[in-house]
Each structure stands twice: as C-alpha cells, then as structure tokens.
Amino acid sequence: MGPTELVNYVNNRSIRSFEYEPNGKRISFISDSKGFPELWEYDQNGSRREKSSFGKEGISFIKYVDSTSDLIIGVDESGNERVQLYLLKKKGKIIPLTNSPQYVHLYGGSSPDGKWIAWSSNRRQPAFFDIYLQNLETLEIHLVFAHDGHYTVEKWFPDGKSLLVSRTNSPLDNDLGVLSLLTGEMNWITEHSGEAGFKNVLFNQNGDHLYLLSNKDQEFYGLACIDLLTNHFTLLEQGNWDFEGLAMNEQKSLLAFTINEAGISKGYLLDLRNSTLKTWETPMGVIKNLRFSPNTERLLFILNGPAHPPDIWELNLNTLTANTHLTPSERSFHERLLVEPVPFYYRSFDNLLVHSFYYKPKEAGKRFPVVIYIHGGPESQSRAVFQPLLQYLLSNGYAVLTPNVRGSTGFGKTYTHLDDIRNRMDAVKDLIFLVDWLKRETNADPKRIAVMGGSYGGFMVLSAISHYPQHWAAAVDIVGMSSLRTFLKSTSPWRKKNREKEYGTIEKDGEFFDQIDPLHYADQIESPLLVVHGVNDPRVPIQESEQLVKKLMKRNHPVTFIRIGDEGHTLKKEKNKLFVYSSVADFLDKYMV
C-alpha cells in the first residue's frame with residue numbers, strides 16, 4: 001500500500017468544532033485542513049472562508065466571549081493536554097491569559113457582560129481542580145472555590161452573580177451546584193443515591209429553571225428539568241437510547257437534541273410552546289455541536305459519518321431539510337469512495353447480546369482478511385463515524401469490525417458496568433466470541449484476523465493476544481496499557497481517582513491486576529505486534545509500551561515500536577497520521593496478505 005493513496009483519506013478537511021459570533025455575522029471553526037488544528041472564520045454575508053490570524057498549533061477549543069466578538073482559545077503543547085487559555089481580540093491581538101504550562105485549565109464560560117471568565121485548574125494541587133475567575137481587562141486571577149475534588153464550571157447564571165458548577169464523582173457520575181459569587185457559598189442541587197449524570201445544562205427564559213440531560217434513576221439519558229427554587233427534578237422525555245447534545249435558541253422556545261441509536265445519531269426539535277417534537281433526515285453518522293442561528297432560522301451542526309468526513313451542516317427550520325454548509329462539492333467524491341457499515345448483534349459466552357458495526361470492502365475476495373478495531377475508554381462507544389485508517393484498509397480489501405463489547409457506553413448503565421474491576425476479562429471474551437461469529441457467518445479467512453485498538457482498546461488488544469494467542473495473525477496496539485498496576489501508578493494525578501472507579505485500586509485489586517496484566521503474559525504472545533505511542537501522552541505514559549516491547553525484544557519476538565515525539569494520547573498532525581497509518585497498513589500487509 002502506498003502513502004500516495006493514503007493521502008486521499010487523511011487529507012480530508014475535517015471540522016472539529018465551531019461557534020457562532022454573538023451578532024451572527026461570522027462562524028469560527030477549528031479545521032485541520034493544513035495538517036493540524038487551526039482556527040478559521042466563515043463570513044455569513046460574503047460566504048468566504050479565511051484563516052484566522054491566530055497561528056498557534058494545538059488548538060483544543062474555541063468559545064466567544066459573551067456580548068463581544070472576542071474569542072477564548074484553548075491550546076496545549078504537542079498533545080500534553082495541559083491546556084492554556086488565550087484571548088483573541090476582534091482586531092487580531094492575542095493575549096495570553098493563564099501562562100502556567102505546568103497546569104491544566106478547563107474553561108467555564110464568560111460572564112453575561114463579557115468582562116470576566118471562569119475556569120478550573122489543578123494549580124493548588126495536581127490531583128484536584130479548583131475554580132477561578134479572571135478579569136479580561138486587568139487579567140487578574142481570583143481563586144473563588146478550593147476543595148479537594150474535581151470541580152468545573154458549567155454556566156454563568158444570567159444575572160452574573162452565581163456559577164453553575166459540576167462536581168465529578170466518577171467518570172459516569174456528577175452533581176450540579178450553585179456557587180454564589182457574593183457569599184462564596186455552594187448549594188448542591190442534584191444530590192442523589194446511585195449513579196447519575198447531569199449534563200448539557202441550559203437556563204430557561206426567566207433563569208429559574210434548568211433544562212438538561214440526565215440518567216438519574218434510569219438506564220439512559222433523557223430530557224429533564226430542575227426548578228432552581230425547590231431543586232425539584234422532573235424527567236420530561238425519555239426513551240430506550242441516550243439523548244445527547246442539548247441546545248436552545250436565543251428566544252428560549254426551541255430545544256434541539258439527538259438520540260444515540262446504537263451508535264447512529266437521530267436529530268430532534270422540541271417546541272416548548274406547544275410540546276411538538278419533530279425530526280429530520282441526515283446520512284448515517286454522528287451529530288454534535290448543535291447551534292441555533294441568532295435569528296432562529298437555521299440549526300447548524302457537525303455531521304461525522306463513515307461516508308461523510310466531519311463538516312458543518314445546516315438545517316432549514318422551516319423545511320426541515322439539511323445540507324452541507326461549507327463543502328457540498330466534496331460529497332460525491334466521498335460517497336463514491338467510502339464504505340458505510342452494517343450494524344449487527346452477536347451473542348457472547350454468557351448469552352449477552354453484543355453490538356458491532358461490520359464494514360465489508362467493496363471489492364472483497366472469496367476469503368478476505370479482517371481487522372477488529374476496539375474503541376478506547378472503556379466508557380466510550382464505537383460509532384458510525386469517518387475513520388481514515390479504517391476506510392483505507394477497506395479500500396485495500398480488508399473487512400473491518402468495530403464492536404461495542406461489554407463496558408461500552410450507549411447501551412445503558414447496566415451494560416457499561418459489566419466489565420468493572422474483577423469482570424475485566426469478560427470483555428476480552430466478547431472479542432473471542434466475535435471471532436467465532438466471523439468464522440461462522442462470513443467469508444473471513446480464519447487465518448487472517450488481526451486485532452487493533454487505542455488506549456483502553458490497546459489494553460484489550462494486548463489482553464487478547466496474550467490470553468488467547470491462537471486467534472490472531474497480527475496485532476496493533478496504539479497508546480495502550482500493558483499493566484493496570486503500573487498504569488495507575490504513572491497516569492496523571494488528576495486522572496487516577498476516576499480510573500480507579502473503573503479498574504480498581506492497587507491496594508485492593510493489585511493481586512488481580514497481576515493475574516490478568518498482559519505484561520506478565522508476554523511470553524505467550526504469538527502474533528507479530530506493532531506498537532505506537534506518543535512521547536507526551538499524559539493519560540497512558542509511554543513507559544506502558546516500552547516495558548512490553550522490551551520483554552518481547554528480549555525473546556526476539558517480531559515487534560515494531562514507533563515513538564512519536566511531538567504527539568500525546570492522540571494523533572493530531574497530518575504528517576504523523578500519514579506515517580503511522582502507512583506503517584500500520586504495511587505491517588498488516590506483511591503478515592496478512
């Protein structure tokens with residue numbers, strides 16, 4: 001496989017996020033059309049795109065300051081995730097705000113008058129996030145809430161006198177509280193028993209109620225409302241799938257949200273005046289970043305689908321028709337070249353139904369090679385999105401499966417907890433039963449099945465090839481953990497507590513870690529292995545890959561190790577994607593074709 005062909009898949013201008021300018025004249029968006037995330041602007045009146053004067057690499061988010069045309073921009077250094085905040089003035093002046101590259105800064109929005117911003121940071125103690133205010137004129141910083149824990153700002157109250165704060169209790173559980181900026185007092189409004197999430201919070205017209213998404217006392221996220229005078233929680237709409245991405249128009253009369261139906265988004269509009277619910281059609285994919293235009297004539301969103309690389313789409317609210325907003329001319333090329341998957345379920349060892357997507361190449365041989373790609377998290381989900389490496393493999397005759405093994409999100413709370421702590425290896429068994437399904441139900445070549453995954457998906461890869469070595473012709477581990485024990489010792493301090501909720505603790509579960517960690521079973525690995533890791537990874541330190549590779553090299557096992565010096569947990573730069581993806585393809589060809 002040649003890198004020239006790969007460019008067609010990697011060099012697709014993808015939109016990561018966008019924001020409306022408060023006056024509605026411009027849209028600012030993050031695009032990687034030049035090989036790394038950059039800030040661009042789209043003039044609504046002149047229909048022009050142009051690159052912003054903000055030239056720093058590593059942009060992670062953008063937000064407009066209320067009542068202004070100024071932008072707050074988050075930037076990290078080569079994937080280290082220690083985000084620093086910058087103010088980009090309307091006329092192009094760039095003002096550094098945080099200037100503390102050793103710490104993380106999580107943006108919490110601007111005050112209604114545009115004079116202050118809120119953010120949380122681990123400046124006081126690396127494991128905890130406190131809340132700060134910063135004046136955008138003097139740049140003075142004030143610590144307003146300090147407490148051991150993970151606290152972030154969801155919203156400013158409409159009167160600017162309080163902050164709506166989120167306290168993270170675990171990766172899947174949080175509480176909302178009201179922090180008075182006048183007294184410093186915190187009033188928690190969602191205290192609950194059991195696990196519950198509260199997210200995508202919006203104020204109603206009077207500022208005395210919250211609309212939000214929550215799975216309190218139920219399996220899936222639904223639409224809910226909280227009365228701020230009584231803290232009374234009311235569930236308004238629910239279903240058998242998670243609601244996602246809540247947005248509201250400026251007039252506070254319309255809500256937009258999506259429903260995640262087994263990894264595929266369906267968009268909905270709810271008219272609060274008459275309680276009518278409408279939907280609209282889009283190609284297969286995932287909808288995010290819902291934004292109403294200031295005049296409520298349109299709803300913009302990002303659609304990311306297998307055959308539609310991430311782009312801004314526009315929904316006409318009168319006709320309920322959706323079209324690409326910035327690059328409609330590219331659609332025919334993508335539709336001709338790219339493959340959409342078929343969703344299906346299979347039964348695992350305990351009769352559990354496991355969801356997966358099955359991508360079949362357009363030109364498949366009678367007996368074709370297969371790559372099983374495992375998502376990270378594990379509190380995440382394989383979804384129907386554009387993935388350049390997988391599409392490239394499909395174009396070269398590989399079939400691809402992306403399973404949602406137990407522990408994945410999107411299928412209810414119970415399903416998400418089926419792999420917790422001592423049940424870790426049950427998820428690996430789900431992979432083995434997927435292999436059995438492949439052999440039984442498809443024309444896959446049983447001698448040419450590879451497994452690939454990143455982050456927790458990398459741990460799953462290493463677990464599969466070390467505990468069930470006979471099934472795999474090749475394996476690719478990208479930023480994966482080789483030992484839960486060493487991972488919990490070395491991951492960034494602000495992540496450790498939340499990871500222990502999922503994996504367990506060294507003190508209580510260390511003996512179990514030693515029984516399952518792939519590092520201790522390296523001598524049982526039979527398949528050739530490719531390992532990829534970013535040097536600046538703050539989540540899974542590169543030592544996780546180094547220690548396994550060292551063991552394999554010691555016994556002359558076929559292993560290839562790629563270190564990426566200017567990346568972290570994910571690949572963001574085009575040059576690195578091209579190098580790594582072509583290396584993966586060549587590696588698979590060597591052992592699979």
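Here are some questions and answers about a few spots in this predicted model.

Q: Is Ser 170 buried or exposed?
A: Start with where to look: Ser 170 sits in strand S14, residues 162-170. Its relative accessibility comes to 13%. The cut-off for buried is under 20%. Ser 170 falls under that, so the word for it is buried.

Q: Which residues is Ser 170 in contact with, leaving aside its neighbours within four places in sequence?
A: Contact here means heavy atoms within 4.5 Å. With the neighbours within four places set aside, the partners of Ser 170 are Glu 195, Asn 498 and Lys 501.

Q: How far apart are the end C-alpha atoms of helix H6, against the span its twelve residues should have?
A: Helix H6 runs over residues 456-467. The expected span is 1.5 Å times one less than the number of residues. For the twelve residues of H6 that gives 16 Å, and the distance in the model agrees: the end C-alpha atoms are 16 Å apart.

Q: Which strand gives the largest share of the lining of the second largest pocket?
A: This pocket has a volume of about 170 Å³. Its lining takes in 15 residues, and Val 75, Asp 76, Glu 77, Gln 84 and Tyr 86 lie nearest its centre. By class, that lining splits into five nonpolar, five polar and five charged residues. The largest share, three residues, comes from residues 84-88, which is strand S7.

Q: What is omega for the peptide bond that joins Gly 377 and Pro 378?
A: Most peptide bonds are trans. The one joining Gly 377 and Pro 378 is cis. Pro 378 lies in the loop between strand S31 and helix H3. As for the angle itself, omega is about 5°.

Q: Is Lys 252 buried or partly exposed?
A: Lys 252 is in the loop between strands S21 and S22, and its phi is positive, near 60°, though it isn't a glycine. Its relative accessible area is 30%. Buried would need under 20%, and exposed over 50%. Lys 252 is therefore partly exposed.

Q: What is phi of Leu 320?
A: Most residues other than glycine have a negative phi. Leu 320, in the loop between strands S27 and S28, is partly exposed at 24% relative accessibility. Although it is not a glycine, Leu 320 has a positive phi of about 55°.

Note on methods
Residues are numbered from 1 along each chain as its sequence is written. This is a predicted model: local features need pLDDT of at least 70, side-chain atom pairs count only at pLDDT 80 or more; totals for chains, interfaces and linings use all residues. Side-chain values use heavy atoms; hydrogens and water are left out. On a 1 Å grid over the protein atoms alone, a cavity is a set of points where a 1.4 Å probe fits but cannot get out, and a pocket is an open set with protein on both sides within 12 Å along at least five of seven lines; lining residues have an atom within 4 Å of a point. Grid points are joined across faces, edges and corners, and a volume is the space filled by probe spheres set on the points. Helices (H or I, at least four residues) and strands (E, at least two) are DSSP runs, numbered from the N terminus. Ala, Val, Leu, Ile, Met, Phe, Trp, Tyr, Cys and Pro count as nonpolar, Asp, Glu, Lys and Arg as charged, and the others, Gly among them, as polar. Buried means under 20% relative accessible area, exposed over 50%, partly exposed in between (1.4 Å probe, protein chains only).
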